[in-house]
Every structure is written in structure tokens, then in C-alpha cells.
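The structure comes first, and the description follows.

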Amino acid sequence: MLKINNLHASVEDKGILKGINLEVKAGEVHAIMGPNGSGKSTLASVIAGKEEYEVTDGNIIFEGEDIEELAAEERAHKGVFLSFQYPVEIPGVSVTNFIKTAINESRKAKGLGDMPAKDMLKLIREKADLLEMDRKFLSRSLNEGFSGGEKKRNEIFQMAMLEPKLAILDETDSGLDIDALRIVANGVNKLKSKDNAVVVITHYQRLLDYIVPDFVHVLYNGKIVKSGGKELAHELEEKGYDWIKEEVNA
Amino acid sequence: MSKYTEDDLREELKTKEYEYGFFTDIESETFPIGLNEDIVRAISKKKDEPQWMTDWRLEAFKVWKEMAEPEWANVRYTKPDFQAIAYYSAPTSVDPNKTLDDVDPDLLAMYKKLGISVDEQKKMNNVAMDIVVDSVSVATTFKKTLGEKGIIFMSISEAIKEHPELVKKHLGTVVPTKDNFYAALNSAVFSDGSFCYIPKGVRCPMELSTYFRINQAGTGQFERTLVIADEGSYVSYLEGCTAPSRDENQLHAAVVELIALDDAEIKYSTVQNWFPGNAEGKGGVYNFVTKRGLCEKNAKISWTQVETGSAVTWKYPSCILKGDNSVGEFYSIAVTNNYQQADTGTKMIHIGKNTKSTIISKGISAGKSQNSYRGLVQIGSRADNARNFSQCDSLLMGNECGAHTFPYIEAKNKTAKVEHEATTSKIGEDQIFYCNQRGIDTEKAIALIVNGFSKEVLNKLPMEFAVEAQKLLEISLEGSVG
């Protein structure tokens with residue numbers, strides 16, 4: 001589904017990603033871990049197509065197509081979803097109105113008309129229930145005055161609505177208390193199927209107790225320096241990142 | 001009033017066409033340029049006005065001559081040469097040989113986006129059109145319904161002749177001829193406009209919208225509007241048009257007076273979309289408007305405006321809260337793009353006790369434009385327990401535009417409560433990327449963000465007008481973030 005080859009990317013001429021190789025197949029869950037500043041969020045933004053990042057070498061193949069030249073919204077239409085670490089506020093635009101616009105824009109890109117209001121309402125109710133969201137929440141301005149947990153839950157709600165092929169969860173666990181974490185993880189697990197894939201970016205093992213990865217990668221200094229199964233996450237939790245840094249620098 | 005049938009209307013329309021036809025010889029029917037007493041007299045005569053009206057105009061002209069064009073607004077423009085303008089020209093005539101093919105394709109493309117019907121497009125570009133059965137019956141129904149309720153709704157020229165007592169009693173009572181330079185000029189030379197009277201206790205059963213919209217085209221350069229809501233009555237009045245209007249007249253100086261007698265309510269909504277000039281800032285209309293309403297006891301006046309057009313806008317719809325317990329509201333969205341300049345806001349003059357006013361102003365600046373809010377809240381010494389809440393929000397797009405806020409507060413009564421909130425924000429790259437990532441392209445993202453920003457004001461517009469206004473905001477800002 002996703003194949004990243006020798007990816008180099010920089011922002012304002014500062015190299016951040018320095019040769020990433022990663023392959024994600026349908027039905028798989030990958031975790032990307034690593035210390036602060038290792039390039040985890042940059043990788044997420046580059047895959048999603050944020051313009052400030054310049055790809056200087058390598059490529060990103062999604063579903064057999066090089067997506068380097070595609071705008072962020074075109075990548076979204078193809079099924080790439082990013083759950084943001086810091087979701088932005090859009091005052092005056094309700095959660096419902098925002099997701100309705102997103103769904104209808106994606107449909108338009110596929111040559112479909114707007115989703116009938118009745119179907120939209122039904123879908124919104126179903127997905128809101130999945131994430132144990134209060135109905136009142138849906139009429140609030142997007143992310144305005146949301147708690148950390150509400151923001152992340154709203155991200156996963158949008159994911160549930162858009163049904164992406166590839167979901168990248170950027171530190172979805174940060175700012176969540178244990179109950180919110182369980183609800184969010186539960187939502188992600190219910191949405192998982194053999195046809196889609198999830199890339200979880202996290203500092204901590206905690207989230208991976210709920211969303212169990214097939215592969216764990218350690219990102220350090222712009223490169224994936226170690227890959228393994230879920231037991232690697234436990235090892236990192238126990239020993240920290242220093243031993244990896246030593247291994248790399250040795 | 002006798003029954004007004006479709007035949008009567010058809011007859012009237014025929015006469016109108018004849019009238020218009022009579023004026024097709026532009027040369028002979030446009031007055032020489034320049035302004036003097038003779039021109040003012042001639043305008044009055046042309047309109048067949050009674051002596052008192054002629055005198056009123058002359059008085060205004062005398063006052064105007066002594067006045068200077070105001071310079072305090074935060075706008076820069078080349079002052080019009082008032083002696084280089086023709087002050088009377090016949091209503092814009094229909095050119096029988098003109099078709100829509102002759103109209104600027106850019107303009108047509110914009111109409112299409114706004115969903116404006118072909119007939120309306122023709123109307124707005126003075127393309128001859130057949131009378132559509134449908135619109136005939138609509139107009140007839142309107143006239144009939146309004147007539148049954150005793151509501152008077154006609155052009156001000158007609159009203160001067162048919163209801164002189166009402167016009168004489170109220171004209172210039174809210175905006176006196178000497179109020180300001182442009183108001184004085186308008187009083188001397190106003191071409192036409194609308195008059196509306198709602199009798200005691202009558203609730204106007206419809207938004208005076210569709211009717212007005214159809215009849216809006218070609219009302220001219222110096223428009224004069226007078227709306228009187230008698231005791232306990234209610235009216236919602238819509239002016240303007242979302243379709244872009246190109247006008248050869250560069251200077252527009254309208255006056256609108258609203259009078260809400262005891263317990264009456266007037267809602268006045270405006271969408272202004274005059275030609276703003278091209279992307280380099282050439283051309284475009286100067287819109288210098290004086291709008292003011294007077295509230296008697298327990299009365300309420302709400303101004304709602306969506307301003308997207310004009311090269312220079314100078315406009316402060318205001319409320320004089322004279323009666324106890326009266327309420328004034330001002331809800332405004334002002335969009336400026338390219339080289340547009342807007343200095344707009346309101347004045348809330350609290351005179352009576354327990355008077356309340358609310359001001360919500362949303363300014364959106366893009367391109368190299370300058371957008372200023374200027375508002376005065378004045379609490380008089382007798383205005384016990386007066387309350388005001390003002391909120392002025394500015395949204396900036398790009399780095400070359402400006403947003404300015406000039407709030408003035410004068411309180412002469414210790415019991416007054418005045419609140420003012422102001423924010424300035426910028427559409428962030430992060431907001432755009434967030435939308436993009438959800439499959440929403442940049443243009444749509446901006447529209448979404450701008451509509452969210454303007455929501456409190458858009459919500460105040462009548463439903464169908466709000467939908468059009470939303471589309472208009474999108475179009476006005478197209479291509480403003482690269």
C-alpha cells in the first residue's frame with residue numbers, strides 16, 4: 001500500500017529526513033517510535049503532503065503511484081489520513097459542518113454528488129456512538145475550547161467518517177487520560193480491516209497495549225535505525241532510547 | 001384602492017417601457033455637467049415635484065455649497081470633481097440590439113457561480129427581456145398582499161406625489177440635510193429611491209426582498225430611501241443584490257432614513273457588491289452612504305450588512321435610541337480585497353432610558369486592501385441603565401493588507417454599561433493544511449474559515465439571502481491566498 005524509498009526531506013534547507021525506507025501492506029499496523037526531534041512528525045507531514053517540507057530525494061509510492069507531485073487534498077482523496085498531533089481550531093465551523101464538507105469534497109473528487117442529508121446524519125450518529133461522543137459535541141466549533149482528549153477523539157471520529165486506506169496517527173495518545181485512550185484505541189481497532197493500514201507514531205508503549213502493532217520501527221536522526229516486532233516497543237519502554245543511540249553512534 | 005389586476009400591471013409596464021423609450025435620446029435627456037441652483041431646480045421640475053420639495057432641495061444645496069468633503073476617514077482616493085458630474089440622466093435605457101453575448105464574459109461567469117437566472121442577468125445589464133408570466137404574477141401577488149394590509153411601497157418620486165403628507169413629515173428628520181457633505185448633496189440632487197410605510201400594528205407579511213431585487217437595477221447614483229414603521233408594526237427590508245453591478249457612475253451617495261415609532265421593529269439588510277475596481281485598483285465605485293434610524297419607545301432597529309464591493313466605502317448605519325427601552329443592532333461583514341478601502345461601522349446614540357445596543361463587526365481583509373471599523377457609542381445624560389456590547393473581529397489574509405479598529409465611547413451617565421471586545425486573527429497555513437488533509441482544497445478551505453468567522457452576522461440575514469451572501473464571500477476572496 002505504502003512504499004517509501006530512500007526519502008530525504010528538509011524544511012527551510014534543514015535536512016530532517018535522511019533516507020527513510022518503509023513498506024506498509026494492507027491489513028498491517030506499524031508503530032514508529034523514537035526520541036524527540038528524530039523526525040517522526042515530519043515523516044507524517046511529508047506523507048500527507050505539507051508544502052513547507054521539500055522532498056530532496058527518494059519517493060513515496062501509495063497504491064502503486066508516486067504521490068510526490070500530488071497536493072495534500074488529492075492525497076486525502078486517495079485515502080491518506082493524518083490524525084494531527086495538534087489539531088487546529090476553526091472558529092464558527094461546527095464539527096458536523098466540517099466533516100460534511102470533507103466528505104462531500106472527497107465525493108466530488110470521485111465524481112459523486114453530495115451525500116444525501118439523511119445518510120450523512122445516520123453515518124455521523126453511528127460514528128459518534130462508536131467514539132462515545134456526546135451529540136452536543138457535534139455542534140461545537142471545530143477544536144475550539146476542546147480538551148486534549150476531545151481533540152483526539154474528534155480526529156478519530158473524522159477518520160471513522162472518511163474511512164481512509166492509510167491512517168497515520170501522530171501522537172494520538174498525547175494528552176489523553178486512560179479512559180479517553182481506551183475509547184480512541186477501541187475506535188481505531190474497530191475501524192481496522194484487512195484492506196486498510198495504520199501507522200502509529202508515538203513516544204510511549206502505552207498506546208501500543210491497545211493498538212497492537214505488527215511492526216515497530218525506531219526513528220533516530222532522520223533514519224529508521226531499528227525495526228522489529230511488538231516486543232521491540234517493550235524493550236524501548238524498559239531501556240529507553242539511549243542504547244539505540246549508542247548502537248547507531250558506535 | 002381598487003383591485004390591481006395582471007392587466008393593470010402589464011399596462012403599467014408598457015407605460016414604463018414607453019417612458020424609458022422616451023429617454024433613449026441620451027444627448028437631450030442628460031443634463032449638462034456641473035451643479036448649481038438651476039440644475040437642482042431642473043431636477044425637481046423634471047420629476048414634476050411640488051414646490052415644497054423644490055425648496056427643500058434648494059435649501060440642501062445651499063448648505064452643501066458651504067460644506068467641505070470629510071477627510072477623517074481612513075481612506076485615500078482622488079476626490080471627485082463635483083462640477084464634472086452630470087446630475088440627472090434618464091433611467092438606464094434598454095438597448096434592443098444588445099444581447100448577453102455583448103456582456104463581459106467575466107461578469108457572466110460570476111453570475112453563473114452565484115446562480116443568477118438568465119432573466120436577472122439581462123435585467124442587470126440592461127438587456128431587453130420579455131415579460132415572464134411568472135414574474136408578472138409574482139409582482140401582482142406582492143402588490144395585492146401589501147395593498148390589503150395598507151402597506152405603501154413605492155418609489156420615493158411617486159410617494160412625493162401620492163403621499164406628500166407622509167414624506168413631508170418625515171423626510172430629513174433622521175438625516176437632516178446639513179448632516180454631512182454627502183447627505184446634503186444627496187438631498188439636493190437625489191434621483192430616486194424607495195419609500196415604505198407600514199401602518200399601525202401591521203406585520204409586513206413578507207421580506208421586501210424579491211420584489212425589491214427585481215426592481216433594484218438602475219435606481220441611480222443618489223438614491224434616497226425612507227422607511228416608516230408606525231406604532232407596533234414590523235418590517236424586514238432587503239436592499240441590494242449579490243450580483244456584481246458595474247456602474248458608470250463612480251460616485252454613489254445614498255441616504256437611508258428609518259423611523260421606528262413606538263413598539264415598532266425594522267430589520268434592514270443590505271448586500272452591497274458594487275464594482276470594486278480591477279486587480280490593480282483602477283476604476284471602481286465610491287460608495288459614500290448615510291444610513292440612520294430613529295427608535296421611539298420600545299422600538300427596535302437592526303442593521304445587517306454584507307459589504308463586498310466598491311473601491312472606497314464610507315458607511316456607518318446608525319441608530320438613535322431616543323425612546324425608552326429601545327434597541328439598536330448592527331451586524332456587519334465587510335470584505336476588502338485587492339486595493340479596496342472600507343471605513344465602515346456604526347453609531348449608537350443612547351438617549352432614552354434602558355436603551356440597549358449590540359454591535360458585531362467582522363472585517364475581512366485580503367490583497368493590498370485596508371479595512372477599518374469605526375464606531376461610536378454615545379450614552380446621553382438621561383440614558384439611565386443604557387447597555388452596549390460591541391465586538392469587532394478582524395481576519396487578515398496575507399501580509400499586505402490592513403485591519404484597523406477605531407472605537408469611540410462617550411458616556412455621560414454613570415449607570416451605563418459599555419463592553420468592547422476586539423480580536424485580530426490571520427488565516428493560518430496550519431488551518432489550510434488541516435483542511436487540505438481532510439480533502440478540502442485551499443479555496444474551499446478559505447471559504448469555510450471565512451464563513452465560520454462571519455457566522456454570527458450571516459445568521460442574522462434572511463435565509464435565502466444568507467446563502468447568496470455566503471457564496472458572495474467565497475467569490476470575493478477567490479485567489480486571495482496563493
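In this predicted model, Arg438(B) lies over the face of Tyr434(B), at 4.7 Å from the ring centre, where a charge sits over a ring if NZ of Lys or CZ of Arg is within 6 Å of the ring centre and within 35 degrees of the ring normal. Arg57(B) likewise lies over the face of Phe190(B), and both cases are listed here.

| Charged residue | Ring | Distance from the ring centre |
|---|---|---|
| Arg438(B) | Tyr434(B) | 4.7 Å |
| Arg57(B) | Phe190(B) | 4.0 Å |

Residues are numbered from 1 along each chain as its sequence is written, with chains lettered from A and ligands numbered from 1 in the order in which they are written. Local features need pLDDT of at least 70, side-chain atom pairs count only at pLDDT 80 or more, totals for chains, interfaces and linings use all residues, and side-chain values use heavy atoms, leaving out hydrogens and water.

Over all chains, a search of the whole structure finds 21 aromatic pairs (rings of Phe, Tyr and Trp, the last by its six-membered ring, with centres within 6.5 Å; planes under 30 degrees apart are stacked, over 60 edge-to-face and the rest tilted). The pair of Trp64(B) and Phe181(B) is tilted, because the ring centres are 5.5 Å apart and the planes stand at 40°. Trp64(B), at 7% relative accessibility, is buried (under 20% relative accessible area, with exposed over 50% and partly exposed in between, for a 1.4 Å probe and protein chains only), and Phe181(B) is buried at 6%. Phe181(B) also forms an edge-to-face pair with Tyr182(B), at 5.4 Å centre to centre and 85° between the planes. Ring pairs link a cluster that includes Trp64(B), Phe181(B) and Tyr182(B).
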